[in-house]
Amino acid sequence: MPLHIHFSAADLARVTLATEPDPLWEVLLSLHVLQSPAVDPRHERWRAGLTLSPAMRALFDLAPPRGYSPDFLTPAESAAGLESGLAALRRTPRHRLRAELARLAGRAMPSRWAARLASGDRTALTDLTRGLADYHRTAVEPSWTRIEHHVRDDAAARTRILVSRGTGGLLGSLHPALTWRGDSLELDGDHLGRDLRLDGRGLRLLPSFFCHGRPTVLADPALPPVLVFPATTRPAPVTCPAAVSGTDAKPLEDLLGPTRAGTLRAVGDGCTTTELGRRAGVTVSVASYHASILRSAGLITTERAGPAVRHRLTLLGADLLGHRFPA
């Protein structure tokens with residue numbers, strides 16, 4: 001049966017959209033990806049080159065690929081960064097550890113380590129946070145720039161939908177399994193079958209690189225409401241723009257400066273740093289410098305392609321240039 005998320009007018013006014021990835025949600029969902037038989041090709045490429053220690057694989061005990069994972073693994077404080085999230089996890093009360101791990105134990109045989117954690121053993125909790133930090137450093141952090149760009153591009157596309165179609169249009173656009181009913185959002189899934197009443201708290205919408213399959217929510221309705229969904233929007237190819245001249249170029253140059261504006265236009269349909277310098281008429285070091293600033297501003301993405309890197313326009317960067325992607 002589906003999950004029904006019920007909104008009041010106050011809830012609709014408090015819907016927020018995250019524009020940055022949440023590190024502990026990415027950790028949890030990447031653990032699901034590692035154990036899933038079929039995943040998106042981008043996830044397949046990621047996990048193909050990954051080697052985990054036995055201690056890291058022990059985290060699988062808390063994160064089965066389907067069904068329930070404890071809510072304490074993804075505290076709301078993680079939105080402020082990994083260290084904030086791990087600090088909040090270390091403060092998890094013993095009664096909550098027991099309750100959530102008991103719920104997990106009803107679905108799978110707990111390990112000896114998980115049993116220690118459920119008993120309130122603070123050493124086990126310290127071991128958990130250390131294991132999560134080690135796993136993040138090994139498996140997630142090397143791909144963090146790519147994860148950031150993917151989430152930012154999706155958030156930029158959702159923002160465009162919000163502006164043109166309102167909050168209801170945004171909520172109905174997040175995933176095929178989600179349907180907006182006018183005052184409730186229905187999430188299709190045979191393992192849910194309950195009502196989540198926001199009661200004026202609003203809803204945090206969180207695009208995620210590692211979320212695959214259907215969107216997900218926390219199991220405990222008393223926790224700050226969050227809806228995590230796959231960040232699936234990607235920049236469409238952009239034709240390399242012809243030189244912009246005169247009046248058309250001036251507003252962009254006034255905003256960014258002539259060299260940086262020219263560098264942004266030169267990215268076009270994608271290029272290496274060497275090609276970028278040649279197109280923009282600057283040295284490779286100058287092109288690299290301006291590309292780093294454009295990337296920090298969310299106007300381009302940069303991904304490694306063999307020994308070189310390749311720059312591409314994001315949705316925001318293409319919009320700034322006046323290009324429009326298909327819906």
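# Close-up views of a predicted protein chain

**View 1. Confidence across the predicted model.** In this predicted model, mean confidence in the protein chain is lowest in helix H10 (residues 246-256), at 71, and highest in strand S6 (residues 204-208), at 97. Residues 234-247 have a pLDDT below 50, and beyond near neighbours in sequence this stretch makes 25 contacts in the model. The pLDDT is also below 50 over residues 323-327, a stretch with 14 contacts beyond near neighbours in sequence. Where pLDDT is low, the predicted coordinates should not be read in detail. For the protein chain, the mean pLDDT is 86, and 90% of the residues reach 70 or more.

**View 2. Overall composition of the protein chain.** The secondary structure consists of 14 helices and eleven strands. Of the 327 residues in the protein chain, 48% are buried. When contacts between residues at least 6 apart in sequence are considered, 69% of them join residues at least 24 apart. The protein chain has an accessible surface of about 15,600 Å², and carbon and sulfur atoms account for 54% of this area.

**View 3. The open sheet S2-S6-S8-S7.** Four strands, in the order S2-S6-S8-S7, form an open sheet with mixed pairing. Its edge strands are S2 (16-17) and S7 (216-217), each of which pairs on one side only. S6 and strand S8 (residues 226-230) run parallel and are joined by five bridges. Within this pair, Leu206 stands opposite Val228 in S8.

**View 4. Strand S1 and its pairing partners.** Strand S1 (residues 3-6) presents a covered face, formed by Leu3 and Ile5, and an uncovered face, formed by His4 and His6. S1 runs antiparallel to strand S4 (residues 184-187), to which four bridges join it. In S4, Leu187 is the bridge partner of Leu3. S1 also pairs with strand S5 (residues 195-197), here in the parallel sense and over three bridges. Arg197 in S5 is the bridge partner of His6, a residue of the uncovered face of S1. Strands of a sheet pair through backbone hydrogen bonds, either parallel or antiparallel.

View 5. Asp199 lies in the loop between S5 and S6. Although Asp199 is not a glycine, its phi is positive, at about 55°. Most residues other than glycine have a negative phi. Asp199 has a relative accessible area of 65% and is therefore classed as exposed, the cut-off being over 50%.

**View 6. The salt bridge between Glu44 and Arg47.** A salt bridge links Arg47 to Glu44, with the closest N and O atoms 3.1 Å apart. The two residues are three apart in helix H3 (residues 41-48), so about one helical turn separates Arg47 from Glu44. Arg47 counts as buried, at 15% relative accessibility, whereas Glu44 counts as partly exposed, at 36%.

**View 7. The salt bridge between Asp154 and Arg158 in helix H9.** The side chains of Asp154 and Arg158 form a salt bridge, with an N to O distance of 2.9 Å. Both residues belong to helix H9, where Asp154 and Arg158 are four residues apart, about one turn of the helix. Asp154 and Arg158 are both buried.

Key
Residues numbered from 1 in each chain as written. Predicted model: local features only at pLDDT ≥ 70, side-chain atom pairs only at ≥ 80, totals over all residues. Heavy atoms only, no water. pLDDT = per-residue confidence, 0-100. Contact = heavy atoms within 4.5 Å. Pairing = 2+ DSSP bridges. Buried < 20%, exposed > 50% of the residue type's maximum accessible area, 1.4 Å probe, protein only. Areas by Shrake-Rupley, 256 points an atom, 1.4 Å probe, with all protein chains shown as cover. Salt bridge = Lys/Arg side-chain N within 4 Å of Asp/Glu carboxyl O.
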